[in-house]
Amino acid sequence: MNFTETDEQVALRAAVADLGRKYGYAYFTRQARTGGRLTELWQEAGALGFIGVNLPAEYGGGGAGLYELSIVLEELAAAGCGLLMMVVSPAICGTILARFGTPEQKQRWLPKIASGSAIMAFGITEPDAGSNAHKLTTVATRDGDSWVLTGRKIYISGVDEAEAVLIVGRTADSKTGTLRPALFAVPTDAPGFSFQPLEMDVLMPEKQHLLFLDEVRLPADALVGEEGAALLQLFAGLNPERIMASAMAVGSARYALAKAVGYAKERTVWSVPIGAHQGLAHPLAQVKIELELARLMMQKAAVLYDAGDDMAAGEAANMAKYAAAEASIRVVDQAIQSLGGSSMTSEVGLAAMLANVRTTRIAPVSREMILNFVAQHSLGLPKSY
Amino acid sequence: MNIVVLVKQVPDTWSERRLRADDSTLDRDAADAVINELDDYAIEEGLRLQEAHGGEVTIVSMGPQKAADAIRKALSMGADKAVHVTDEALRGSDGLVTSAVLASVLGRTGFDLVILGSESTDARMGTLAAMLAERLGVPQMSFASKVETDGSKITIHRQADYGYDTVEGALPAVVSVVEKINEPRYPSFKGIMAAKKKPVETLSLADLGMDASQAGLAASATQVVSFANRPPRAAGTIVTDEGDGGAKAAEFLASRKFI
Ligand SMILES: Cc1cc2nc3c(=O)[nH]c(=O)nc-3n(C[C@H](O)[C@H](O)[C@H](O)COP(=O)(O)OP(=O)(O)OC[C@H]3O[C@@H](n4cnc5c(N)ncnc54)[C@H](O)[C@@H]3O)c2cc1C
């Protein structure tokens with residue numbers, strides 16, 4: 001086992017941190033509050049090869065792994081400007097396409113996703129199927145050479161910025177009629193496809209949307225991978241999603257903790273800096289430990305994933321997402337306490353960050369569903385649903 | 001064009017920096033080591049001149065083993081190769097010794113243009129360019145905010161309080177740059193991966209034909225005789241605004257010679 005990053009990983013961290021510093025949390029909150037996007041940062045990161053570090057070199061990616069991709073997102077988030085769409089475009093969609101796409105599909109999408117010139121969103125959640133993917137009602141039917149897709153999706157991030165959405169639908173088995181999941185790359189300008197933004201109370205530049213698929217007609221090659229194997233493919237994409245969601249939460253928590261520590265060293269209310277009071281120092285030390293533990297599990301998951309052990313990576317990725325959500329919520333909450341009243345100002349923006357990290361306990365998969373997974377798969381306990 | 005960029009690893013300006021209690025030299029273990037900020041600009045300028053005129057960019061750095069990190073960063077930005085002079089005997093070397101060592105390296109690499117930052121954030125002497133030019137017997141073009149060359153002649157904007165002077169000279173030359181000159185690039189992921197395959201030549205004093213007695217603290221003409229830590233930050237003055245807040249603020253600024 002090895003806990004030392006390579007020279008290249010260290011250099012990547014430093015380069016991304018430098019880029020992140022140029023933008024920072026002020027940029028992030030300004031764009032979010034004014035309805036702007038993080039386009040300049042996205043494009044600059046893309047041009048430097050950071051967005052697609054995990055994608056195959058032959059398709060314009062960096063040829064490295066998810067570990068490197070998680071470095072990129074963690075460092076940007078630690079600078080205050082995490083890119084949510086990195087969880088989706090290169091991590092979920094890029095991974096699924098690279099592993100299961102046809103050569104034509106790879107050629108069409110991967111170079112754009114890697115360079116950041118195109119974003120691919122990901123839509124699985126439906127109004128009546130969130131945690132329970134068995135209830136998905138978006139159905140694809142075969143019509144000659146085409147697929148016809150009908151259904152609705154909700155909370156889908158970044159559709160307004162995306163060139164396509166990877167939609168999780170279901171196809172009917174021609175013999176048995178049972179529905180099996182299938183993945184489709186749906187261009188956002190396809191006839192019959194429409195979307196509207198949802199009013200959200202989380203302060204992030206990436207908007208969530210309601211999607212309507214009304215008999216969207218797609219060519220045969222819009223189906224990514226094989227019809228029957230979609231479940232496996234889905235899981236191949238969801239492990240990177242969980243690891244990247246952890247990276248985003250861990251990075252944001254690092255930002256908040258650094259802010260709190262900086263303040264606690266300077267601010268003097270009585271005769272010593274407030275950081276000298278154990279009432280503040282110990283909780284900060286505690287959340288620092290919790291954060292490092294979460295980060296360690298995230299790194300373990302990424303290493304296992306890159307080693308090709310999908311099963312072990314699955315358990316670690318779920319545990320990492322759980323731990324990163326819990327740790328980041330506690331860190332930001334304690335940072336808020338440390339900064340007192342100023343934490344609630346828009347300038348400091350920690351109250352807004354609390355809502356953002358709080359989301360990690362729900363999305364992309366809820367805390368309860370992770371506990372269900374661990375109870376059933378790691379502990380072998382019986383199921384209630 | 002044969003372009004050489006000088007790079008120095010320094011303690012991070014944002015971290016707390018200390019001198020060693022035993023010999024008053026910089027405590028390099030006390031702070032994170034980073035590439036000297038102005039050197040990023042020097043590297044960038046070297047790379048831009050290479051893009052315009054062809055040739056090679058060589059990084060030269062004198063420093064402890066750890067300075068390899070600064071060299072790697074320069075290579076990841078796009079430089080072609082590097083020379084790292086490292087020797088225990090160099091510890092504590094002042095500007096004069098450093099310039100002698102670097103001049104000796106430059107004698108080996110050859111150069112059309114030597115580019116360096118106008119000062120390092122640790123020592124802040126800003127004299128290396130002059131010492132080097134003198135030792136090499138070539139013109140010094142200092143504080144450049146713009147560099148142009150046709151391969152034989154070089155023209156710079158030399159930054160001054162009142163704007164800039166246009167200074168012209170012949171190559172080979174030594175040019176020191178200021179922040180205004182460009183916006184340094186970030187290392188790309190490709191650049192980071194490529195850096196590991198680029199040649200780095202490591203030289204000791206002996207390799208340069210120099211003796212340990214010619215280097216380090218003992219051979220240096222300048223030494224820190226004594227130093228005092230910066231006093232802890234005192235509490236600020238709170239001025240209650242009784243209609244004259246503006247005047248009081250101006251008074252304070254004037255007393256500190258800010259206005
Ligand atoms: C900011 C944001 C961005 C998002 N972006 C995307 C996106 O890009 N693409 C996408 O597809 N989705 C996205 N989502 C949706 C997200 O993945 C879902 O909200 C999440 O999966 C939970 O589903 P749900 O909201 O339907 O909750 P539900 O499934 O309705 O669950 C409600 C509550 O019940 C609990 N619960 C459900 N079943 C059980 C059980 N068996 N045992 C115990 N507790 C249970 C859950 O844990 C949860 O607490 C986003 C959501 C947010 C908030």
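## Helix packing in chain A

Helix H6 (residues 230-266) of chain A packs against helix H9 (residues 350-359) of chain A at an angle of about 160 degrees, and their axes are 11 Å apart. That angle makes H6(A) roughly antiparallel to H9(A), since angles over 145 degrees count as such. The crossing of the two, H6(A) and H9(A), is left-handed. This is a predicted model.

On the H6(A) side, the contact uses Ala249(A), Ser252(A), Ala253(A) and Ala256(A). They meet Leu350(A), Met353(A), Asn356(A) and Val357(A) of H9(A). By class, the residues of this contact of H6(A) with H9(A) are 6 nonpolar and 2 polar, with no charged ones.

H6(A) also packs with helix H8 (residues 310-339) of chain A. Here the angle is about 25 degrees and the axes are 8 Å apart. H6(A) is therefore roughly parallel to H8(A), as angles under 35 degrees are counted that way. H6(A) passes H8(A) in a left-handed crossing. The residues of the contact of H6(A) with H8(A) divide into 22 nonpolar, 8 polar and 4 charged.

## The ligand shell

The ligand is surrounded by 22 residues. The closest are Gly130(A), Ser131(A), Ser157(A), Ser366(A) and Glu368(A). Strand S1 (120-123), strand S3 (146-157) and helix H10 (367-378) of chain A each supply at least two residues of the shell. By class, the shell has 12 nonpolar, 9 polar and 1 charged residues.

## Contact between chains A and B

In the contact between the chains, 11 residues of chain B touch 12 residues of chain A. Helix H2 (68-77) and helix H5 (189-195) of chain B each supply at least two residues of the chain B side. H5(B) gives the most to that side, with 4 residues. The side of chain B that touches chain A has 5 nonpolar, 2 polar and 4 charged residues.

## Backbone exceptions

Most residues other than glycine have a negative phi, and most peptide bonds are trans. Several sites in this model depart from that.

The peptide bond from Ala363(A) to Pro364(A) is cis, with omega near 0 degrees. Pro364(A) sits in the loop between H9 and H10 of chain A. In chain B, a cis peptide bond joins Leu171(B) and Pro172(B), with omega about -5 degrees. Pro172(B) is in the loop between strand S9 (163-170) and strand S10 (173-177) of chain B.

Tyr155(A) is not a glycine, and its phi is positive, near 65 degrees. Tyr155(A) lies in strand S3 of chain A. S3 of chain A is also one of the elements that supply at least two residues of the shell around the ligand.

Terms used
Residues are numbered from 1 along each chain as its sequence is written. Chains are lettered from A and ligands numbered from 1 in the order in which they are written. This is a predicted model: local features need pLDDT of at least 70, side-chain atom pairs count only at pLDDT 80 or more; totals for chains, interfaces and linings use all residues. Axes are lines fitted to C-alpha atoms, for helices over the stretch in contact, and angles run from 0 to 180 degrees between N-to-C directions. Angles under 35 degrees count as roughly parallel, over 145 as roughly antiparallel, 65 to 115 as roughly perpendicular and the rest as oblique. A crossing is left-handed if the near helix is turned anticlockwise from the far one by less than a right angle, and right-handed if clockwise. Two residues are in contact if their C-beta atoms, placed from the backbone, lie within 7 Å. Ala, Val, Leu, Ile, Met, Phe, Trp, Tyr, Cys and Pro count as nonpolar, Asp, Glu, Lys and Arg as charged, and the others, Gly among them, as polar. A residue is near a molecule or strand if its C-beta atom, placed from the backbone, lies within 6 Å of it.
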